[in-house]
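Hi,

Here is the structure I said I would pass along. Have a look at it first, and my notes on what turned up follow below.

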Amino acid sequence: MRDKIWRKHEFSFYFEPNKNASWQSAQAECITIGGRLATIRNQQALDFVNSMRTVPHANYWIGASDLETEGIFKYVTGEIVAFFNFPDTEPNGETQENCMQIFGIHKDVTERDKMNDNKCDEEHRFICERN
Ligand SMILES: [Ca+2]
Ligand SMILES: [Ca+2]
């Protein structure tokens with residue numbers, strides 16, 4: 001089996017498991033390999049994560065949700081999300097969509113590679129991060 005390749009960006013390392021999972025299962029999977037779902041604190045980090053995605057047409061979970069308080073996105077680390085790159089049409093899920101992901105390139109150019117709130121139970125690709 002090939003070793004896990006964690007890719008460095010700034011002070012973090014990112015890794016893409018080769019699977020789809022619900023948001024909660026994705027976070028659990030990241031924890032078992034010593035990380036957590038990815039945090040994205042600026043456009044450079046978003047660009048980096050987008051550049052490493054191996055399934056361009058898939059949406060990718062990242063480690064933010066508004067499960068605790070509707071409309072207030074927090075990272076799995078507990079910190080409040082301060083950098084957003086939602087298209088004009090998102091977030092649109094209110095209490096039905098509480099987990100954050102990045103749209104794949106199947107979406108229109110105004111939406112692809114940007115953030116989306118989606119149903120946490122849906123299974124999608126995901127990116128883990130560790131320090
Ligand atoms: Ca929500
Ligand atoms: Ca949405």
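**What I found**

Let's start with a turn: β4 and β5 make a hairpin with two residues between them, and Gly 71 in that turn has a positive phi of about 90°. Bear in mind throughout that this is a predicted model.

Zooming out, the protein has two helices and nine strands. From the N terminus the elements go β-β-α-β-α-β-β-β-β-β-β. The radius of gyration is 13 Å, close to the 14 Å that the globule rule gives for 131 residues, so the protein is as compact as a globular protein of that length. Along the principal axes, the C-alpha atoms fill a box of roughly 40 × 30 × 25 Å. Of the contacts between residues at least 6 apart in sequence, 67% join residues at least 24 apart. Buried residues account for 31% of the 131.

On the annotation side, an unreviewed UniProt entry puts "domain: C-type lectin" on residues 8-129. Over that stretch the chain is 16% helix and 28% strand, and its end C-alpha atoms are 9 Å apart.

There is also an open sheet of four strands, in the order β1-β2-β9-β3, with antiparallel pairing. Its edge strands are β1 (7-9) and β3 (36-37), each pairing on one side only. Two bridges hold β3 to β9 (residues 128-130), and Leu 37 stands opposite Cys 128 in β9.

The largest nonpolar core has 24 residues, and the ones with the most contacts inside it are Leu 37, Ala 38, Trp 61, Ile 62, Phe 126, Ile 127 and Cys 128. At least two core residues come from each of α1 (23-32), α2 (43-52), β4, β5 and β6 (99-102). The biggest contributor is β4, with four residues. In general, nonpolar side chains in soluble globular proteins tend to be buried together.

What is Trp 61 in contact with, leaving aside its neighbours within four places in sequence? The list is Trp 23, Ala 26, Leu 37, Cys 99, Gln 101, His 124 and Phe 126.

Most residues other than glycine have a negative phi, and most peptide bonds are trans. Here are the exceptions I noted:

- The peptide bond from Glu 90 to Pro 91 is cis, with omega near -5°; Pro 91 sits in the loop between β5 and β6.
- Glu 10 has a positive phi, near 50°, and lies in the loop between β1 and β2 (12-15). Glu 10 counts as exposed because it has 10 C-beta neighbours inside 10 Å.
- Asp 113 has a positive phi too, near 65°, and is in the loop between β6 and β7 (115-118). Asp 113 counts as buried, because it has 20 C-beta neighbours inside 10 Å.

Cheers

Definitions and conventions. Residues are numbered from 1 along each chain as its sequence is written. Chains are lettered from A and ligands numbered from 1 in the order in which they are written. This is a predicted model: local features need pLDDT of at least 70, side-chain atom pairs count only at pLDDT 80 or more; totals for chains, interfaces and linings use all residues. Two strands pair if DSSP finds at least two bridges between them. UniProt positions are given in the numbering used here, feature names are shortened, and annotations may be inferred rather than shown by experiment. The radius of gyration is taken over C-alpha atoms; the globule rule is 2.2 Å times the number of residues to the power 0.38. A residue is buried if 20 or more other C-beta atoms lie within 10 Å of its own, exposed if 12 or fewer, and partly exposed in between; C-beta atoms are placed from the backbone. Two residues are in contact if their C-beta atoms, placed from the backbone, lie within 7 Å. A nonpolar core is a set of buried Ala, Val, Leu, Ile, Met, Phe, Trp, Tyr and Cys residues joined through C-beta atoms within 7 Å.
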